[in-house]
Amino acid sequence: LNIFSSVQLTIILLVLIITASALGTFTPLETIVQPEKRKMSLTGFISLADIYHSRWFIILLSLFGLNLLACTLKRLKLWRTKFPSGITHIGLLVILAGALITSLFGERGILLVYEGHTQDTFVKSDGSLKELGFKIYLDDFSIEWYDFHDKDTQPRHVKNFKSKITILEKEQAVPAKTIEVNRPLKYNGYAFYQASYDQEGFRWTGFDVVKDPGAPFVFGGFILLNIGVIIIALTINIIV
């Protein structure tokens, strides 16, 4: 209990998790669709592609969870005086549980669909194909351009691009939806973000596909964390 409740262990784990998260954030999406870039590992264990679903990152989160749990258990005897601190610890544990759920059961990938065609599978971050359980039909893909340019010498600049799609599930059509940059479509646990398009013929578009089952836990944990911090702040003000 003393080992896992160590503050030094907390700092080490946080530094490692933050560093890994930064690397995962800036991992290029091309690693998902280009297998030759996907395998960057040491003995097949420390992978730099799809960090959030790698075994070593899950182990880091699990160790951090044990660290927080040990700290919480040590403070049970002082629960009355350490109540706000206990709330913040529980909030962190709930956030961590959400992160682990997403790491274990979440999905991320890319879906490409041609205008006037349907697609029901996407390429996962590990290179495998996953069926959605429904079909996406691309009714129309359009691009909005900025007006300021020299039509004779300068290329046009993209202002926005969006896709009008229809979801087909069990041969039943869901009313058409429009996906724009920063305005994703959420359906059946998946979120579809407008990400790319065919820059030569504008024949197809690409969506980032994200399934994040741990998100509700993360949001709930942040609420508990903020409640604990607010109570601590109020307590300090009262004492002062």
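**Reading a predicted model: its sheet, helices and salt bridges**

Colleague: In what order do the eight strands of the open sheet stand?

Modeller: The sheet is open and has eight strands, with antiparallel pairing. Strands, like helices, are DSSP runs numbered from the N terminus (at least two residues of E for a strand, at least four of H or I for a helix), and two strands pair if DSSP finds at least two bridges between them. The order of the strands is E7-E6-E5-E4-E3-E10-E9-E8.

Colleague: Which strands stand at the edges of this sheet?

Modeller: A strand at the edge has a single partner strand, so one side of it is left without a neighbour in the sheet. This applies to residues 172-180 and to residues 185-187, which are strands E7 and E8.

Colleague: What is the average twist from one strand to the next?

Modeller: The angle is taken between axes, which are lines fitted to C-alpha atoms (for helices, over the stretch in contact), and can run from 0 to 180 degrees between N-to-C directions. From one strand to the next, the twist averages 35°.

Colleague: What kind of model is this?

Modeller: Residues are numbered from 1 along each chain as its sequence is written, and side-chain values use heavy atoms, with hydrogens and water left out. Local features need pLDDT of at least 70 and side-chain atom pairs count only at pLDDT 80 or more, whereas totals for chains, interfaces and linings use all residues, because the model is predicted.

Colleague: Which residue takes a positive phi in the hairpin of E8 and E9?

Modeller: E8 is joined to strand E9 (residues 190-197) by three antiparallel bridges, and Lys186 stands opposite Ala191 in E9. Two residues lie between the strands of this hairpin, and the residue with a positive phi, near 55°, is Asn188.

Colleague: Is Thr88 buried or exposed?

Modeller: Thr88 is found in helix H5 (residues 83-105), and it touches Leu225, Gly228, Val229 and Ile232, leaving out residues up to four places away in sequence; contact means heavy atoms within 4.5 Å. Its relative accessible area is 9%, and the term for an area under 20% is buried, as against exposed for over 50% and partly exposed in between (1.4 Å probe, protein chains only). Thr88 is therefore buried.

Colleague: How far apart in space are Ile87 and Gly221, C-alpha to C-alpha?

Modeller: Ile87 is also found in helix H5, where it is buried at a relative accessible area of 12%. Beyond its neighbours within four places in sequence, Ile87 is in contact with Leu224, Ile227, Gly228 and Ile231. Ile87 and Gly221 are 134 residues apart in sequence, and their C-alpha distance is 9.6 Å.

Colleague: Which residue meets Glu144 in a salt bridge?

Modeller: A salt bridge is a side-chain nitrogen of Lys or Arg within 4 Å of a carboxyl oxygen of Asp or Glu, and a search of the whole structure finds four. One of them involves Glu144, at 3.4 Å from N to O. Glu144 lies in strand E5 (residues 129-145) and its partner in strand E6 (residues 158-169), so the pair ties together parts that are 18 residues apart in sequence. The partner is Lys162.
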